[in-house]
Amino acid sequence: MFKTIREDIRSVFKRDPAARNTFEVLTTYPGLHAIWFHRLSHRLWKLRLYWLGRFISTLARWFTGVEIHPGAKIGRRFFIDHGMGVVIGETAEIGDDVTLYHGVTLGGTSWNGGKRHPTLGNGVVIGAGAKVLGPLTIGEHARIGSNAVVVKDVPANTTVTGIPARVASSSTDKEKARKREEIAKEYGFDAYAISADNPDPVATAMGRMLDHVHVLDQKVSDLCRAVNTLGGDVCDKIPEVELDDVDFIDASHQAERQRASAKSPTTKKRATKAKTVTKVTPKEEKDD
């Protein structure tokens with residue numbers, strides 16, 4: 001028991017930079033207290049002392065603001081940061097080194113018996129206010145963004161955000177991004193300011209189009225080599241793409257120059273002088 005308590009305290013120091021000393025962690029961390037209450041109530045639950053287990057969990061909710069059903073299975077080094085408003089259902093299963101922030105719900109979507117709550121793999125991190133609903137599986141080291149609503153399984157090493165939650169980044173995104181950047185430079189298109197951390201549906205569509213164009217280029221190249229091997233003479237030089245109608249490009253550049261000149265302090269100063277100075281005509285000078 002004491003070994004487990006020391007392990008829990010060490011996990012707090014690893015994941016919360018605000019933790020200063022052991023005494024502070026022991027006395028002021030409600031998430032840690034809720035876990036210890038749960039271990040007692042879960043032991044009573046397994047001994048079929050159901051009412052007593054529920055009573056202990058209710059006391060824990062009063063003292064900590066965290067509600068964990070005594071039937072939930074929780075692994076080692078589980079950490080609840082801040083804790084207030086966390087709800088964990090009866091059939092939830094949580095692996096080792098999992099971190100939950102305040103307002104997280106591991107809930108169910110059915111009134112039927114059996115498995116109704118999520119299963120979390122090792123190293124999962126769930127942001128504040130997120131809701132993970134149903135008997136789904138969250139893969140190891142997955143991350144769920146704040147206020148996300150997860151209703152489908154999440155693969156390992158994947159980040160999901162939104163309502164309903166969608167994949168924002170995965171372990172293959174970096175390699176895909178590198179390949180797409182190379183293709184984009186080849187075709188004169190650079191999707192700057194676009195990253196998996198800030199998903200854009202238009203950027204995603206462009207990325208898929210680039211992937212498709214790249215596959216077509218490879219197929220055409222293979223076809224040309226095969227024809228040349230048979231004695232043909234094709235694909236000696238691929239013509240460059242030319243845009244005949246570039247009026248929209250010129251208009252865009254012109255509008256950009258106008259915006260830049262309007263923002264220039266010198267331009268504003270000259271415009272102000274032009275409005276305040278009255279132009280004197282030769283006729284007016286003669287009359288004077």
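**Group meeting: surface patches, sheet and salt bridges**

Let me start at the surface. L47, L49, W51, L52 and F55 form a nonpolar patch there, with about 520 Å² of accessible area together. Keep in mind that this is a predicted model. Take W51 from that patch. W51 sits in helix α4, residues 50-64. Is W51 buried or exposed? Its relative accessibility is 63%, so W51 counts as exposed; the cut-off for that is over 50%.

R10 belongs to helix α1, which covers residues 2-15. With a relative accessible area of 47%, R10 is partly exposed.

Now the sheet. What is the strand order? The order is β1-β4-β7-β10-β13, an open sheet of five strands with parallel pairing. Look at the edges. β1 (67-68) and β13 (149-150) stand there, and each has a single partner strand, so one side of each has no neighbour in the sheet. Further in, take one pair. Strand β4, residues 87-88, and strand β7, residues 105-107, pair in the parallel sense over two bridges. In that pairing, V87 stands opposite T105 of β7.

On to the salt bridges. How many does a search of the whole structure find? Ten. I will go through three of them.

The pair R39 and D8 comes up here. Their closest N and O atoms are 2.5 Å apart. R39 lies in helix α3 (residues 30-46) and D8 in helix α1, so this pair ties together parts that are 31 residues apart in sequence. Compare the two ends. R39 is partly exposed, at a relative accessible area of 28%. D8 is buried, at 0%.

Next, D97 and R15. Their side chains meet in a salt bridge at 4.0 Å, N to O. Again the pair links distant parts of the chain: D97 is in the loop between β5 (93-94) and β6 (99-100), R15 is in helix α1, and they are 82 residues apart. Both ends are partly exposed: D97 has a relative accessible area of 32%, and R15 is at 24%.

D97 has another partner. R77 forms a salt bridge with D97, and here the closest N and O atoms are 2.6 Å apart. R77 is in the loop between β2 (73-74) and β3 (79-80), 20 residues from D97. Which residues end up in one network? E7, R15, R76, R77 and D97 are joined by salt bridges that share partners.

Last topic: the backbone. Most residues other than glycine have a negative phi, and most peptide bonds are trans.

D97 returns. D97 is not a glycine, yet its phi is positive, about 60°.

Where is H141? In the loop between β11 (137-138) and β12 (143-144). H141 is partly exposed, with a relative accessible area of 41%.

Finally, the peptide bond from I163 to P164. That bond is cis, with omega near -10°. P164 is in the loop between β14 (159-161) and β15 (166-169).

That is my tour. Questions, please.

Technical notes: Residues numbered from 1 in each chain as written. Predicted model: local features only at pLDDT ≥ 70, side-chain atom pairs only at ≥ 80, totals over all residues. Heavy atoms only, no water. Patch = residues over 30% accessible without salt bridge, like charges linked within 9 Å, V, L, I, M, F, W, Y side chains within 5 Å. Areas by Shrake-Rupley, 256 points an atom, 1.4 Å probe, with all protein chains shown as cover. Helix = DSSP H or I, 4+ residues; strand = E, 2+ residues; numbered from the N terminus. Buried < 20%, exposed > 50% of the residue type's maximum accessible area, 1.4 Å probe, protein only. Pairing = 2+ DSSP bridges.
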